[in-house]
Structures are given as structure tokens and as C-alpha cells.
Amino acid sequence: MEFYINSFKKEGDLMEIYGKPFNPWGNNAPFIEKYATAAMLYCCGTSKVLDTFDSYPRYLNYTFGITDPIAYHKKLISEGYYTKASTEAILETFRVADLKEILVQNNLPSKGRRPALIEAILKNINPTKLNLGEFYTRSELGESYLSKYSYVMTLRNYSIKPCEYAKYEDAHPGLTTDEIILGILHNRYTESRLAEDYGIARNALYELSIFYEQKNAFEKALYKLICVLYFDTSGYSNKYRDSLERIILAPGILDLICKYQEFYSSKMIDNCFLEYALPEHYLTKNQFEKLIKKIFNNNSIEDIDLKEL
């Protein structure tokens, strides 16, 4: 079957997928202005207004609901979130190879690291000769705004949509960002367990492990990873259950469990089997503990046979 993708330009050209037109910048997410503004400020620090929609990251659309990133970028410039960038700030965005090329074209030495190359350009070449074009960088207003709402960019780590965050925040005023994230993830786990969507429940536990890892709460992160492995070895995946022979262990989960083994306690397995008890499981508590010890001994996946535990 043919699969066509044509470049999507600001004039409005559509992608063609399986012979049908598709707009990759269609309104795929609710638009919440404060979060959309923060996202644009985050992804466009110092840059020109770009020429095509797809020069901007598509998450501006499918996560933040921006349907015309060029127009939105210009809007923020006009509202004072950006100011014209200095020559030095512009050069900071260039690759080292491009900086060296500028020096070579002007018959200047091109050896050295980025700071030395930029200094040489600033000292020896008239900025007007560089033809850099109009670049913009975040103003004090833009930096302040991004600092206030930068947390919205971390939500993607936990598969939390901005509209989901905003809804929870409105329903629970006064909570911190961390409390809102934890509340959403715990709710996600509870709701998916009630619906017997075990794969989604498992992913919620994994997202909780990411949260704790980023907070340097490694004992809690390890516990959630062990719970993820408990789900993985049960065979449950949403509305069906795999046989023991079909279970595939995730290498990334095993690596993380091994990485944080110094924070391990055997009580974690007891708590896991109690707190997250599934209707059935292929492994007994003792077999599961043997599996954990194999992981700690840095056994490769090929060395782990669940049937032999």
C-alpha cells in the first residue's frame, strides 16, 4: 500500500496519507492560552519567525492546540514576549561549523571553541555584513511568563494533557504542581483498575516511578518499578491476558530496577502483592523475589526464563 507524505507549508498544503488529505496542524487539542504561550516561549528561545509550520514542533498543535504556529509566534512578538536578539545571542544559536564558515569567508582564523569563535566574529566583522536576518529572543516578560508556567512542559513526561491538568487544578484549588501531578496519576491508576484496563494501570505506575525518580525519591521510584514488573509478569494487558510463554520483559524496566537496587527492601514485594493484587498471577511471591534477585545479579533478559523460577 502506498504511503504518501508531502511537505506541509504555511500556505496550507495538506499531507496526503493513503490518498486522503490530512492536516497535521488541525486542532487536535483544547487551546489553553497560558499553556500555549508557555510552550511557544519554551520551544522558540532565540530564533527567527520560521517559514513553515513544520519548522515548529508539532506538539504545539497536538498538545497545546496551536493551529498556526507562525501567526502565534508573531502575536507573542507583538505583545512584548520577545525582543530583537543581539548579534551575540544570534550567534549562540549557530553550529560551530557555521561559525567557522563565517570566519573562513572573511579570511579570519577559524580554530577554537564556540566562545572564541563568537568573540572573533564580534570583534572583526561588522554585524551588517553578516546578513543574519531578524532574530527574536525572549524578553524579560517572556522569561518571567515561562518561569511561571514552565511546569506545563514536564507534564509530557507523565502523559498528562494540559487540559487534564487544568481540570484537576480547578477542582482542587490550592494544591502544588507536584500534588496535582500525583493526584492525576493516582486517579488514572484507580480508574483503569476499576475498568480492568490493566495496561493503562501499569503505565500509570511507570509514570509514578518517573515522577519519583525526577524528585530523587529513589526508594519510591524502585517500588513503583517493581510494581510495574509485577503487572508485566502477570500477563494482564488491558482486556486480555497473555500466556506465560508470550510475556516479554521490558529491558528498560529491568535496567532501572538494577540501577536502584541499593534502595531495595524485601517488604516492597510484600507491599506490591498486597497493594496492587491482581486477580491471578503466574508467579508466587517467592518466585517473584527470585526474579528480582536475578535482575540484581545483572542477568540479561536471555538468561531469565519465567517458567524456571
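Visitor: Where is N131 found?
Guide: This is a predicted model, and in it N131 is found in the loop between α7 (127-130) and β5 (136-138). Its phi is near 50°, a positive value in a residue other than glycine.

Visitor: Why does N131 count as exposed?
Guide: Exposed means over 50% relative accessible area. N131 comes in at 67% relative accessibility, so it counts as exposed.

Visitor: And what is phi of S159 near?
Guide: Phi of S159 is near 55°, again a positive value in a residue other than glycine. S159 is in a loop too, the one between α8 (140-149) and α9 (162-171).

Visitor: On to charges, then. How many salt bridges does the structure hold?
Guide: There are 15 salt bridges. One of the links is a network made of E33, K75 and E79.

Visitor: What makes R95 and D98 a salt bridge?
Guide: The cut-off is a side-chain nitrogen of Lys or Arg within 4 Å of a carboxyl oxygen of Asp or Glu. For R95 and D98 the closest N and O atoms are 3.1 Å apart, so the pair passes.

Visitor: Which residue does R188 form a salt bridge with?
Guide: The partner is E207, with the closest N and O atoms 2.9 Å apart. R188 lies in helix α10 (residues 177-194) and E207 in helix α11 (residues 198-214), so the pair ties together parts that are 19 residues apart in sequence. Both R188 and E207 are buried.

Visitor: How do you know that D232 and R202 meet in a salt bridge?
Guide: Their N to O distance is 2.8 Å, and the limit is within 4 Å, so they qualify. D232 lies in helix α12 (residues 218-232) and R202 in helix α11, so here the parts tied together are 30 residues apart in sequence.

Visitor: Why are D232 and R202 called buried?
Guide: The label needs a relative accessible area under 20%. D232 has 17%, so it is buried. R202 also has 17%, so it is buried as well.

Technical notes
Residues numbered from 1 in each chain as written. Predicted model: local features only at pLDDT ≥ 70, side-chain atom pairs only at ≥ 80, totals over all residues. Heavy atoms only, no water. Helix = DSSP H or I, 4+ residues; strand = E, 2+ residues; numbered from the N terminus. Buried < 20%, exposed > 50% of the residue type's maximum accessible area, 1.4 Å probe, protein only.
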